[in-house]
Amino acid sequence: MEHPQQHTGRPDPVDDVDHVAQIQAEWRRERPDLDVSPQAVIGRLHRLADRLSAELALVYQRYGLGEGEFDVLAALRRAGAPYERAPGELAAHTMVTTGAMTKRIDRLERAGLVTRRPAEDDRRGRVVALTDAGRRLIDEAFTAHMRNEHRLLAHLAPEEAAALQTLLTAWQTRLDGTGQPERRAG
């Protein structure tokens, strides 16, 4: 009997249960000289990140936002009253280039969710601020976003979520710090 994937070109959902393990098995067969064990973590994290991004985007879309626009509005809201930041500061808070930030701000300004004005302390500088409509929208969207994140984390026991948070924080800190794995004594 032929495998269904050969007929449709789509993966069989049953085979996708542990796609990473399948990939590792194939690489072990083809390249037994290589240790492919990192794929067990990195491959699964990559697949999980894609899945989580798609799940989060569903909420943003309900509010007419993309992930980038949501991030800008959230960064402005987190700034506290009067809910404004310089474009460069927004770019740093959302980890995008200033060019990408300009496009996001343009779209949000056209939608009436933010305004731009000259900075008071530097006439060449600009300030981006939430409008009342932007603040109402991000408050509503962020509430839905948090409900969604709670829903996604509910698949883990509280102690599993706490352990995962600890591990991911340690890993990120080490990667961001030196780029070298920490050597343990003994």
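**Exercise 1. Identify the charged partner of Arg-44 and state which parts of the chain the pair connects.**

Solution. Arg-44 forms a salt bridge with Asp-18, and their closest N and O atoms are 2.8 Å apart; a salt bridge is taken here as a side-chain nitrogen of Lys or Arg within 4 Å of a carboxyl oxygen of Asp or Glu. Helices are DSSP runs (H or I, at least four residues), numbered from the N terminus. By the salt-bridge rule the count comes to eleven.

The model is predicted, so that local features need pLDDT of at least 70 and side-chain atom pairs count only at pLDDT 80 or more, while totals for chains, interfaces and linings use all residues. Residues are numbered from 1 along each chain as its sequence is written, and side-chain values use heavy atoms, with hydrogens and water left out.

**Exercise 2. Determine how α4 is oriented to α5, and which residues make the contact.**

Solution. The axes of α4 and α5 come within 10 Å and cross at roughly 110°, where axes are lines fitted to C-alpha atoms over the stretch in contact and angles run from 0 to 180 degrees between N-to-C directions. That makes α4 roughly perpendicular to α5, a label for angles of 65 to 115 degrees. The contact (heavy atoms within 4.5 Å) is made by Asp-71, Val-72, Ala-75, Leu-76 and Arg-78 of α4 and by Leu-90, His-93 and Thr-94 of α5.

**Exercise 3. Describe the packing of α5 with α6.**

Solution. Helix α5 (residues 87-94) and helix α6 (residues 98-110) pack at an angle of about 105°, with their axes 9 Å apart; the two are therefore roughly perpendicular to each other. On the α5 side the contact is made by Pro-87, Leu-90, Ala-91 and Thr-94, and on the α6 side by Thr-98, Met-101, Arg-104 and Ile-105.

**Exercise 4. Characterise the second largest pocket by its volume and lining.**

Solution. The volume of the second largest pocket is about 250 Å³, a volume being the space filled by probe spheres set on the grid points, which are joined across faces, edges and corners. A pocket is an open set of points on a 1 Å grid over the protein atoms alone, where a 1.4 Å probe fits, with protein on both sides within 12 Å along at least five of seven lines, and lining residues have an atom within 4 Å of a point. Of the 13 residues that line the second largest pocket, Glu-67, Asp-71, His-93, Thr-94 and Met-95 are the closest to its centre. Helix α4 (67-78) and α5 each supply at least two lining residues, and α4 gives the most, with six.

Notes. Angles under 35 degrees count as roughly parallel, over 145 as roughly antiparallel, 65 to 115 as roughly perpendicular and the rest as oblique.
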